[in-house]
Every structure is written in C-alpha cells, then in structure tokens.
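I opened a notebook on this structure to keep track of what I looked up. The entries follow in the order I made them.

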Amino acid sequence: KAEANRLFKEGRFRLSRQRYEEICDLFHHLDIPKVKDRFLGKYELWQECRKLRLDCRLNIAACCIKLQDSSTAKEACDLVLKQMPENTKALYRRAQAQMQQRDFVEACKDLRRLLDIDPTIQEARRLWEKAVKQRKDVDQQQKKALKYDAMCRKILDDRSDKFTLDNAPTFHDDPEYHQGRPVCESMKLGKEQLEG
C-alpha cells in the first residue's frame, strides 16, 4: 500500500490504481461468511484486512477521478458505501464522479447526505454549492429548449393562428408529387384533385 501511495503522490495514477486493485484482489474472500473462521479467532486481524481493502477502494476511486474514469470511481465508492453507508470520503468521491458524469441531481443528494453527517467539511460544502448552481443552469437550458420546441410545434400546427401556407413545410418541390403545394394543403385536397 505504501508503494501505491507513493505512486499516487507522484501523479502516476494509472499505476497507483493498479497497485490498489491488486491489494483488493488479495482480500476478495473477506465477504464470505465462513472466512472469519479462517482467521482462527483473530477478529482484529479480519477487521484490519477489511479496513485495508476499504481504504484501497477509496484510493482507487481517487485515482479514477484523477484519470476521468468516473464510472469506475462510482463503482468503487458504491462498494465502500455498501459496507459503511455513512463513509464521508466515499460519499464525497462518488459525488465528484457524478459531477464528472454531469449527474448533478445525484451529486447533490450525496453531498446533502454528507453534509447532514458532517457539516464541517468545507470542500463538500463548496462542491455542493457548485453542483446546485450547475443543476440550475442545466434546468434552465432544458426549459429554454422545451419552450423553443413547443413554440416551433405551435407555429407548424395548422390549427394555430400563426400557421399560414407560406410557412408550412413541403415534402419536396416535385410538381408531379403534390404540385408544389404545402403538405397541409396537399392533405386537405382529395386524392382525385391532386391527380386531376
């Protein structure tokens, strides 16, 4: 683990993540219920191994965030939170990963939960404020897009007072197909009138 920590401090995140994953693979059997018996009554040793694996998963998440691999970071944090639901580091790193994925709603939920657990973490408060702001910006962009879409549909609706034959869409300008008429006019005319 010391080697992986050194690599992380040097900025060699890919190699560091690989070392942390190797450590986690060594302890893959810890979740099996009968494993406690293999530690021959040394419950403290079993707990120590679980804590080491938990720390390595958190460090994997940190490496993945630095490498912009947010989905793997989120998976690592999910595994930690499954074991310790109120782990503040896991909540913070999962929120960072969700911010990278532009999932601001889920990031806000995790950060709100984190701040409920420990309101003194200033980094979490700053990230929460940033997430709330970006969520509002995305919401406003989506509202504008919906308004524009609704406005366009309203203009092109032949029941609208803004609809005229001049702004009606045409399939194409082939005079034999509908004699250059707009779509709505061609639909209003009977099949016999178009052919005649």
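Entry on the source. I noted that this is a predicted model, in which local features need pLDDT of at least 70 and side-chain atom pairs count only at pLDDT 80 or more, while totals for chains, interfaces and linings use all residues. Residues are numbered from 1 along each chain as its sequence is written, and side-chain values use heavy atoms, with hydrogens and water left out.

I read a volume of about 220 Å³ for the largest pocket. A pocket here is an open set of points on a 1 Å grid over the protein atoms alone, where a 1.4 Å probe fits, with protein on both sides within 12 Å along at least five of seven lines; lining residues have an atom within 4 Å of a point. The volume is the space filled by probe spheres set on the points, which are joined across faces, edges and corners. The lining has 13 residues, and Cys 24, Asp 25, Arg 57, Ile 60 and Leu 79 lie nearest the centre. Helices H2 (13-26), H4 (43-66) and H5 (70-83) each supply at least two lining residues. H5 gives the most, with four.

Entry on the fold. I counted 11 helices and zero strands; these are DSSP runs numbered from the N terminus, helices being H or I of at least four residues and strands E of at least two. Of the 196 residues, 33% count as buried, where buried means under 20% relative accessible area, exposed over 50%, and partly exposed in between (1.4 Å probe, protein chains only). Among contacts between residues at least 6 apart in sequence, 43% join residues at least 24 apart; contact means heavy atoms within 4.5 Å.

Entry on cysteines. I looked for disulfides, pairs of cysteine sulfur atoms within 2.5 Å, and the structure holds zero. Cys 64 is in none, and the nearest cysteine sulfur, that of Cys 63, is 6.8 Å away. Cys 64 counts as buried because its relative accessibility is 0%. Cys 49, at 11%, is buried too.

Entry on Ser 70. This residue lies in helix H5 and is buried, with a relative accessible area of 11%. Leaving aside neighbours within four places in sequence, I found Ser 70 in contact with Cys 64, Ala 97, Gln 100 and Gln 101.

Entry on loops. Which phi does Gln 68 have? The value is near 65 degrees, positive in a residue other than glycine. Gln 68 sits in the loop between H4 and H5 and is exposed at 58% relative accessibility. Arg 102 also has a positive phi, of about 65 degrees, and is not a glycine. I placed Arg 102 in the loop between helix H6 (88-100) and H7; Arg 102 is exposed, at 55%.

Entry on two distances. Ala 2 lies in helix H1 (residues 2-9) and is exposed at 62%. Arg 112, in helix H7 (residues 104-117), is partly exposed at 33%. The C-alpha atoms of Arg 112 and Ala 95 are separated by 10.0 Å.
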